[in-house]
Amino acid sequence: MDYEQNQQNDQNEQNEQIVTKNAVKHQEPEEESKIRDVKGLAGKIIFLLAVIMSLFHFYTAGFGILVAHHQRAVHLGFVFALGFLLYPATQRASKQRIPWYDWILAGAGVMVNSYIIIFYDEIVRRGGLPTDLDMVMGVIAILLVLELTRRAIGWPLVIIASTALLYGYLGYMIPGDLGHVGYSVHRLVNQMFMTTEGIYGIPIGVSATFVFAFILFGAFLEKTGVGQFFIDLAFSVAGTMRGGPAKGAVLASGFMGSISGSSIANTVTTGAFTIPLMKRIGYKPTFAGAVEASASTGGQILPPIMGAAAFIMAEFTGIPYVRIILAALIPALIYYLGVLTMVHLEAVKQGLKGLPRAELPSFKGVMKDGFHLLAPLVAIIVLLVQGMTPLRAAFFAIILAVVACVIRKHTRVSLWDIIEAFEVGAKKAVSVATACACAGIIVGVVTLTGLGLAFAGAIVSIAGGYLLPTLILTMIASLILGLGLPTTAKYIILATMAAPALTALDVNLLAAHLFVLYCGVDADVTPPVGLAAYAGAGIAGGNAFVTGINALKLGIAGFIIPIVFAVDHTLLFIDATAPGMALAIITACIGVVGLSGAVMGYMITHAKIHDRILMLFSALTLLVPGLLSDFGGLIFFGMALLIQYRRQKYEKTLEDQSVSA
């Protein structure tokens, strides 16, 4: 009877695995679950708008973009039209029909952007002297941005943008260095609507070019099956190891996270497959959800795409895109080493095994069936390294993605699949573009009032002009400002307000911007508002707060590594020699392993408090660049290992004596 019951349980688990694996192909990211699913004529209009929007951006990527203000106005016009038709006013509203007022809002969005295009020459000639009609259009545009942001992103970004506008108007009432003369409604509306310093500023400009092109590229990769290929590849490599599903989840989420541009979306899509498998081999739900959240969040700092932040960073800093992804590579890999090490230590501590080889895809089989799907990813990296602009590289990569999948029968897509990829790309871009437009309001106010420099000056002043306290205060500010925001929006805000605090103390410009990106992304796994962790908890069925704590522990390296490369830029390939770079990488890797042991309370065997303190000291000293600190860190690490080894030997002796007795 027990044997039959066990057989039935095994069969149920296998069925669950198969169902989950199939479901992941159709799992929608959290933000996409908010959108309407409209049929009939309205559905056809949405479909047509989405396809035309993608075709416009695809064409301009390959054959040249319009004048900056025109390109951005056309882009935002499509975003308004699609956004108000896709996102209902409330979550309780029907997702099967579009109310009359949303058609009006969509039309108003097209109207204000058409106004910019039609009267562009007159607006330029007026040069900062807006008419009453300009003001009306500007106010409508600002209200539309705030409302669509509320629907697509949520209240946090709307509150920040609204506060920024109030700050711009009421600055004369604020005492101290953060106060300013205050600006009239006319001046604020002119800044937001009539110039390229507000809504139509750099954020929406990047969204209208690089970001949209890579979102579209990601949509084509999904349609051609690259997402499932990455998951199968990761599990074929790591599935049989100790805690194999968790290690496979880390690898798969790293691959997908860089492309997806959203920690939460990636947690939901890959987590639908990986989390049930982690629970199956014995990981607790709160740990399984945390693994997926921390790995998915790491994808936002992993080249080559870095959740689209790399493109915006290139525009903000003037640093070439290829230089940015090269600098980001080693810190991101060290972050993932930390996550993988903790996952392994937890598996050893709990005595967990991997999955049977028979239940996993073979590496040879996966590569044989899908190696050609890697061609567009390889091509885009090669094109970027050779100096092609990201926009053009994405254009050719999309074409190659289609060519690659049609050359073999089992991956071949139809013309309709290609059209659907255009539709999906546009729909996915709406939330990102909306966040960029709203962030443009914040950037516009910061630029107009000088708040960024004042905020940076306040941080430096509180820190007494010392670098380490400034880094810690900037990290805290970045975590707070990054709560609840998508990657692109949080980076834009932090680059404007927090990064100047670091550059004021002569931190390298690239290091400063990578620092605030890391800290902002870490907010996705930081309680009490770790949205990626909450998404993982929802799938795993575990307590959300405990999942957040576990995700914070797994991603702890993400809080230390940016401090390391802000103090010493060696890991970023800045002012580094080959021997110095090699030593920095090796010691940083050992340091992250020591940090993992200290956090998990296990290395060779269960660690006591003094073992953990030794491992923590070794981690901190090894991560700090310098021969003296490295030497001290290695001594601490060696002492911890020796104590662990002797305790393991003693425990084994006691166990043997107990067995023999």
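**Exercise 1.** Is F395 buried or exposed?

*Solution.* Start with the model. It is predicted: local features need pLDDT of at least 70, side-chain atom pairs count only at pLDDT 80 or more, and totals for chains, interfaces and linings use all residues. Residues are numbered from 1 along each chain as its sequence is written, and side-chain values use heavy atoms, with hydrogens and water left out.

Now the cut-offs. Buried means under 20% relative accessible area, exposed over 50%, and partly exposed in between (1.4 Å probe, protein chains only). F395 has a relative accessible area of 7%, so F395 is buried.

**Exercise 2.** Describe the aromatic pair of F58 and F395.

*Solution.* Rings of Phe, Tyr and Trp (its six-membered ring) pair if their centres lie within 6.5 Å. Planes under 30 degrees apart count as stacked, over 60 as edge-to-face, and the rest as tilted.

- Distance: the centres of F58 and F395 are 4.7 Å apart.
- Angle: their planes stand at 35°, and the pair is tilted.
- Place: F58 lies in helix α2 (residues 40–63) and F395 in helix α18 (residues 390–406), so the pair ties together parts 337 residues apart in sequence.

Helices here are DSSP runs (H or I, at least four residues), numbered from the N terminus. F58 and F395 also belong to one aromatic cluster with Y59, F63, F220, F396 and F422.

**Exercise 3.** At what angle do the axes of α15 and α24 cross, and which residues make the contact?

*Solution.* Axes are lines fitted to C-alpha atoms, for helices over the stretch in contact; angles run from 0 to 180 degrees between N-to-C directions. The axes of α15 (residues 321–350) and α24 (residues 509–522) cross at roughly 55° and come within 11 Å. That makes α15 oblique to α24. Angles under 35 degrees count as roughly parallel, over 145 as roughly antiparallel, 65 to 115 as roughly perpendicular, and the rest as oblique.

Contact means heavy atoms within 4.5 Å. From α15 come R323, I324, A327, A328, P331 and A332; from α24 come L510, L514 and Y518.

**Exercise 4.** Where is D506, and is D506 buried or exposed?

*Solution.* D506 lies in the loop between α23 (499–503) and α24. Its relative accessible area is 70%, so D506 is exposed. Check the backbone too: phi of D506 is near 65°, a positive value in a residue other than glycine. Most residues other than glycine have a negative phi.

**Exercise 5.** Which residues does Q644 contact, leaving aside its neighbours within four places in sequence?

*Solution.* Find Q644 in helix α30 (residues 627–660). Q644 is buried, at 0% relative accessibility. Its contacts are Y602, M603, I604, T605, H606, A607 and D611.

Terms used: Helices (H or I, at least four residues) and strands (E, at least two) are DSSP runs, numbered from the N terminus.
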